[in-house]
Amino acid sequence: MDFDLSEEQRLLKDSVERLVADKYDFESRKRYGAEPKGYSDGLWAQYAELGILGLPFAEEDGGFGGGAVDTMIVMEALGRALVLEPYLATVVLGGGALRRAGSAAQKQKIIPQIAEGSLKLALAHAEPQARYNLANVAATAKRDGDGWVLNGTKSGVLHGDSADLLVVSARVSGDQTAENGVALFLVPADAKGLARRGYATQDGLRAADIDLANVRVGADALLGGEDDGLAVVRRVYDDAIAATSAEAVGAMQRALELTVEYIKTRNQFGQAIGNFQALQHQAVDMFTALEQARSMAMYATMMAQEGDANERARAMAATRVQVGRSGRVVGKNGVQLHGGVGVTIEFAIGHYFKRLTMIDAMFGDADHHLGILSDLGGLLPAA
Amino acid sequence: MDLSFTLEEQAFREEVRAFFRTALPEQLRAKLRAGHHVSKEEQVEWQRTLNKKGWAVPHWPVEWGGTGWDPVRQYIFREELMGAPAPEPLAFNASMCGPVIIQFGSEEQKKHFLPRMANLDDWWCQGFSEPGSGSDLASLKTTARRDGDAYVVNGQKTWTTLAQHADWIFCLVRTDPSAKPQRGISFLLIDMKTPGITVRPIITIEGGHEVNEVFFDDVRVPAENLVGEENRGWDYAKFLLGNERVGIARVGASKERVRRIKLLASESRHGNPPMIENARFREKLAAIEVELKALEMTQMRVVANMATLEGKPDPASSILKIKGSEIQQTLTEMMVELAGPEALAYQPHGADGRNEPAAAPEWALTSAPNFFNYRKVSIYGGSNEIQKNIISKQVLGL
Ligand SMILES: Cc1cc2nc3c(=O)[nH]c(=O)nc-3n(C[C@H](O)[C@H](O)[C@H](O)COP(=O)(O)OP(=O)(O)OC[C@H]3O[C@@H](n4cnc5c(N)ncnc54)[C@H](O)[C@@H]3O)c2cc1C
Ligand SMILES: Cc1cc2nc3c(=O)[nH]c(=O)nc-3n(C[C@H](O)[C@H](O)[C@H](O)COP(=O)(O)OP(=O)(O)OC[C@H]3O[C@@H](n4cnc5c(N)ncnc54)[C@H](O)[C@@H]3O)c2cc1C
């Protein structure tokens, strides 16, 4: 058992943290958000240069052969700065589906483009009626010659509005909530019959609702088997849970720092309000929540590599519970300790609160995952 | 970063487990599982079994009976010990006074006391708190006045755990009343049989006798029983309190309780559906499990850091006490919930004869007393509010 990073990992951590520290202060972030896509393509190019866009992909496919720990390192650093670029959407979600289900040909064609920053992906799986039930897929895929025709609606597709290539899930067979019969397809964003409505999300990122009306794709668009798309999505969501947990930890860490800095300098009653024990103990609650979440983010990172789906599911559910709850404590206390300025758009703390809230809402919130965990019998055996 | 245990560490765990399987008397295991305290005789016998194996004081230096295990192995050992469940070696000997003597004591003190401590030939208790000095320990008033080759001790200690069993007490006493509070304190070892010592029981809310008041009336203590230097006792006390940080989370014990609750909750009682089928109960338990898993990982981070940082405390270690005590308390509460109306019957430790056996099973009868009793864990060892003050100051810089 050891918690140390390797030499390479330490270098990776240093370089990503340095980039973010240099380029991603709160004012710069506002500027990037105001750019047409809602993020900075200039920075995207720098991520490519740093090597983090190709990080988790195998070297023979044009990636850098990184593992879950490397992703954790990157996501934590990006979380500190509330980075707006579609790293999660491209590398973890869309790229994750490709990595886990793609044929050699598909991977070797697409991954080099991801790694060099010229191609962005998104995962279009969720649908309006599904809430957090991953199996609820109403979109359909029908065979058409050697190709397929897709119909349906996808919603809340993270960075779906600026992605070049979409990974779309659609039902080939079975009832709307059946575990089998879902397939994944690589669909170019400019495909005929595909319409996107992009919007800003509560946390300043972007997403899109996507309509598919008789969208025709070739046989080579099928990603993986016709029947195992859902298993791939579940696996990718598990990776995403690990990744966003690390992101949340980065955000919580920074939110705590901002809050402590603030209460050390804000004076009321003739002294720094950080002298008041009522506030000190709330800050300590933030710290405790952060460290417990950090522990679980590490646990999730380790368990993302676990082969047993049931064990992995328990671990991910447990992680979501802890990270969701911790995020809420850190976000709420952070705003409260800032007083009135905490609820203004001009102060960073509120933006951390919003991002932490939306991370919780994204892949199933804490309560949802508590239900999953308890239905799976929890973590420990009876004895 | 690799958070799994190595093959050697797993083999070590098996070795420890196998030892507990054969060496731990079944009756003792059953007693702990049912939520009872162990008697003095049981504690002594078990610690001697451990000592014979060389495992009573694993974290001490090898020359004084330690094992030389690295922090990870020590952690595994403790987890298996608590998970068995087996009694832990008496903390006053193994974790508190022993390490202080090893670090600051004289050669004679080491030679005389340490082997007897490890073997529980002497049962030690801790004389720190006083009626007027709880969290603010440095304000303590018990005095030790030098008189020839002895100190004469006067004053009162309180909350002294298991003083009724004790052969010796390690005390903080004031040797220089004119110095600043922290500067005038000394660390003194006192034989409980010395004339002038009176022990009076304090009965805790569940009816148990676990703490006491200890009065000192002109008690003569040989000067050679001073540990280290006069007036440096506060440093030794801080060292002692700092040592407890890792063990205090008691993750292994809480894991044992969770497994136990799950087993009991999966049984149908009186023809009712098992409690585990109740979604509210199940989710409550799952929520504690999440906190416990997080705490376990936090504790392992601290343990792993100890191996590399050599003694420098990890900021994360400060939360072990807070979270560990909260989880332990919640689990005792879950036991009460599980027992339902069967938690009601009154079965004080050392029944006074007016109670006839109740029909409820033992685990249900001990559930409420343990819940009541466990309020203590967020109070002693530096209360949880004091822990928050420490984090606020030392970690957050407030
Ligand atoms: C949406 C909104 C609308 C408002 N509308 C009005 C309005 O119409 N007119 C108007 O006059 N004002 C208005 N206010 C101002 C409001 O009354 C102040 O925000 C409030 O008094 C707190 O002051 P502060 O924001 O400066 O925070 P601070 O006083 O700086 O407090 C910061 C933090 O420190 C804590 N704190 C401060 N002192 C202590 C202490 N002694 N002990 C423990 N904790 C302490 C606070 O609880 C808070 O958590 C409004 C505020 C908001 C957010
Ligand atoms: C079952 C049990 C066994 C014990 N065994 C021993 C033993 O063997 N030997 C021994 O020496 N002692 C022992 N203790 C004593 C224990 O260490 C003290 O109870 C503890 O230090 C708290 O002191 P107190 O009880 O006087 O509470 P107080 O210090 O009076 O505290 C009362 C409340 O005020 C809070 N508080 C105090 N100061 C602050 C502050 N600065 N900021 C915020 N909140 C504060 C506390 O957290 C607590 O909630 C034992 C206690 C118990 C309950």
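**Aromatic contacts and ligand surroundings in the predicted model**

Trp46(B) has a relative accessible area of 2% and is therefore buried, since a residue counts as buried when this value is under 20%.

Over all chains, the structure holds 24 aromatic pairs. One of these joins Tyr262(A) and Phe347(A) in an edge-to-face arrangement, with the ring centres 6.1 Å apart and an angle of 90° between the planes. Because Tyr262(A) belongs to helix α7 of chain A, which spans residues 229–265, while Phe347(A) lies in the loop between α9 (309–338) and α10 (348–362) of that chain, the pair ties together parts that are 85 residues apart in sequence. The relative accessibility of Tyr262(A) is 15%, so this residue counts as buried, whereas Phe347(A), at 29% relative accessible area, is partly exposed.

In chain B, Phe20(B) and Trp46(B) form a pair that is tilted, with 50° between the planes and a centre-to-centre distance of 6.0 Å. Phe20(B) is found in helix α1 (residues 7–23) and Trp46(B) in helix α3 (residues 40–53), so that this contact ties together parts of chain B that are 26 residues apart in sequence.

Arg13(B) lies over the face of Phe5(B), at 5.1 Å from the ring centre, and Arg146(B) lies over the face of Tyr151(B), where the corresponding distance is 5.2 Å.

The surroundings of ligand 1 are made up of Arg266(A), Gln268(A), Phe269(A), Ile273(A), Phe276(A), Leu279(A), Gln336(A), Leu337(A), Gly339(A), Gly340(A) and Val343(A). By residue class, this shell comprises 6 nonpolar, 4 polar and 1 charged. Oxygen atoms of the ligand take part in several polar contacts: a polar side-chain atom of Arg266(A) lies 2.6 Å from an oxygen atom of ligand 1, and a backbone N or O atom of Gln336(A) is found at 2.7 Å from an oxygen atom of the ligand, as is a backbone N or O atom of Gly340(A), likewise at 2.7 Å. Of the 970 Å² of accessible area that ligand 1 has on its own, the protein covers 40%.

Ligand 2 is surrounded by residues from chains A and B, so its site is shared between chains. The shell holds 18 residues, of which Ser135(B), Trp159(B), Thr161(B), Ser383(B) and Glu385(B) come nearest to the ligand. Helix α13 of chain B (residues 384–395) supplies the largest share of this shell, namely 3 residues. In terms of residue class, the shell divides into 7 nonpolar, 9 polar and 2 charged. From chain A, an N or O atom in the side chain of Gln277(A) is 2.9 Å from a nitrogen atom of ligand 2. From chain B, a polar side-chain atom of Ser135(B) lies 2.6 Å from an oxygen atom of the ligand, and an N or O atom in the side chain of Thr161(B) is 2.7 Å from a nitrogen atom of ligand 2. Taken alone, ligand 2 exposes 970 Å², and the protein buries 68% of that area.

Conventions
Residues numbered from 1 in each chain as written. Chains lettered and ligands numbered in written order. Predicted model: local features only at pLDDT ≥ 70, side-chain atom pairs only at ≥ 80, totals over all residues. Heavy atoms only, no water. Near = heavy atom within 4 Å. Polar contact = N/O pair within 3.5 Å; in protein donor to acceptor, adjacent residues only side chain to side chain. Areas by Shrake-Rupley, 256 points an atom, 1.4 Å probe, with all protein chains shown as cover. Nonpolar A, V, L, I, M, F, W, Y, C, P; charged D, E, K, R; others polar. Phe/Tyr/Trp six-rings, centres within 6.5 Å; stacked < 30°, edge-to-face > 60°. Helix = DSSP H or I, 4+ residues; strand = E, 2+ residues; numbered from the N terminus. Buried < 20%, exposed > 50% of the residue type's maximum accessible area, 1.4 Å probe, protein only. Lys NZ or Arg CZ within 6 Å of the ring centre and 35° of its normal.
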